[in-house]
Amino acid sequence: MRRIENKWVLLIGFIALYLLPLGMHPFWMPDETRYAEISREMISGSSWIVPHFMGMHYFEKPVLGYWMNNLGQLIFGHTNFAARIAPALSIGLTALILYLFVVKALKNEGKAFYSTLVYLTCPLVFGVGTYNTLDSQLTLWMSAAFASFYYAMSSQTRRQLLGRYALFGLFCGAAFMTKGFVGLAMLVIAIIPFMTMIRRLPQVLIYGWIAMLAAILISLPWAIAVAIHAPDYWNFFFWNENIRRFAANNAQHIHPFWFYIPLLLPATMPWCFLAPSAIKKSLGDPTHRSFFLYQACCFVLPLILLSIAKGKLLTYILPLFMPLAILIGCGLYELIKSNSRVLRVTAWINVGLGILLGVALLVAQSGWVGKGTLYHSAETSGFVLGLAIFIWWAVVPLIGLKRGKNIAHYLAAVPLALFFCIPFALPSKVVNSKLPQVFYTQYLTMIKPNAWVVTNSVSLIGDIGWQLDRSDIDLLNSYGELHYGVKHSAKKRYYTYAQFADALAIRRQHQQVVLAMHANANDELFSKLPAPTLKFNDGRFYLYIYQQHP
């Protein structure tokens, strides 16, 4: 395959894998529904300076990620595709940066191709890149910053140093405006040790102020504006979203230090099995030692920082996958050139993994383990599709082994069935617990425009608001991350069970009342609720409708 064709393979593959399916499956809660709704509210007339969620102040993140999502909805309308297009394009642009970065630094399009191929076929990259969260946008700006710093560091003239450090600072400012200080911390903890190791730290000390000034200039207008319109924003954001998440014992998503290590295996399949050999090849390259040392610093040191933090989510390490993909992809290129047996061993491991996962699915469906079968009797198509994913996983590398050449290309094809089919192979247990659109869309026409709508779940509230085009959904006995917004709202937005019962009696005199819930069948909340006029349920989703009294 000629190199010019490789570029088209990457582009066509990105469009087919990442863009075309974006609108084909429902939102996951809580992230997708939340971020879609925040942008919908901005576009519908809420402030573009101060983020709001359900009409209340929402100080969890800065605004650039929301603005990027807003553009998708402004162009493509009120659709799932529109809500997901910004994260997907962010990953596409990151892949482009990766490709150009390797070509510029190594003058080798083959290594650029395989690095980008590895990147786009990592399950974590695909999963987050087609999912509406802000980690993809942060990844774009951090990857641009990682690449532009190396470009700046390699400058030959003072003029180049000034301009390129300024460009680096602009990307740092964009990262800050997307998710705050965490992006800056990951950049600094990678760059300073690297420059120290190659004995060029004085360059950073001399020209780093240019980057700082550029980052401040791009961030300062909004930083001042949000402080004027919401004086408590920076106090809340700094202490709650940065210090508490990093160090507090009550941080969200607390996990042990080693949390990310085992998750790197599924996040990088099928490449994880050859990654050690490939990375060793890259780090052993005597010609481009500093380049690969830089990639190692940009992956390992931020990973240590994120591991030290109390709060952890798998999506947090997505910005580190560009340097990781470069280390693997460039080493993979060398393994291919030498026809290394590592490629064949990796293929055989994936064959065995596909068989093992297929057997595990059959066992789960048999009901021999766990509580009942994984799929219900009416979900045969989902079960067959799930089985087909694992058959594909085993058969594709086997074909590559039989043909004896281009094994890496067959490995890249291994996760494609998973990417395409997983939304349609999910068992109803998952759909009716995590994908609220499927359930609530059926009953939208029964909800009157002036109905009082309440939910018991902060995770669910975004989906209800998105589907009804409303930002006035109230909360029942739970406020979670909306605690600050509820506390500072000019209107009453939170009700205890007793308060809801009292308000229900009054409200029903002049309007319909709708209660959307996410709960287990044996939850005690059902005993505390008045009997509804109409009741609908599927899995963990419930809809109670209290019709207006005649």
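In this predicted model, Asn108 touches Val102, Val103 and Tyr333, once residues up to four places away in sequence are set aside. Asn108 sits in the loop that joins helix H4 (80–106) to helix H5 (109–120). With a relative accessibility of 15%, Asn108 counts as buried, because the cut-off for that label is under 20%. Its side chain also reaches the backbone nitrogen of Gly110, at 2.9 Å.

As for nonpolar packing, the largest core has 144 residues, and Tyr119, Tyr165 and Phe321 have the most contacts inside it. Leaving out neighbours within four places in sequence, Tyr119 is in contact with a list of residues that includes Ile91, Leu98, Val125, Phe321 and Met322. Another core, of 18 residues, lies apart from the largest one, and Ala503, Val513, Leu525 and Tyr542 are among its members.

Turning to charged pairs, the structure holds 12 salt bridges. One of them links Asp31 to Arg34, with the closest N and O atoms 2.9 Å apart. Both residues lie in helix H2 (residues 31–43), 3 residues apart, or about one turn of the helix. Arg34 is buried, at 8% relative accessibility, and a network of salt bridges ties Asp31 and Arg34 together with Glu481. Elsewhere, Lys528 and Glu524 meet in a salt bridge at 3.4 Å, N to O; here Lys528 is partly exposed at 38%, while Glu524 counts as exposed at 56%.

How values were computed. Residues numbered from 1 in each chain as written. Predicted model: local features only at pLDDT ≥ 70, side-chain atom pairs only at ≥ 80, totals over all residues. Heavy atoms only, no water. Helix = DSSP H or I, 4+ residues; strand = E, 2+ residues; numbered from the N terminus. Buried < 20%, exposed > 50% of the residue type's maximum accessible area, 1.4 Å probe, protein only. Polar contact = N/O pair within 3.5 Å; in protein donor to acceptor, adjacent residues only side chain to side chain. Contact = heavy atoms within 4.5 Å. Core = buried A, V, L, I, M, F, W, Y, C linked by side-chain atoms within 4.5 Å. Salt bridge = Lys/Arg side-chain N within 4 Å of Asp/Glu carboxyl O.
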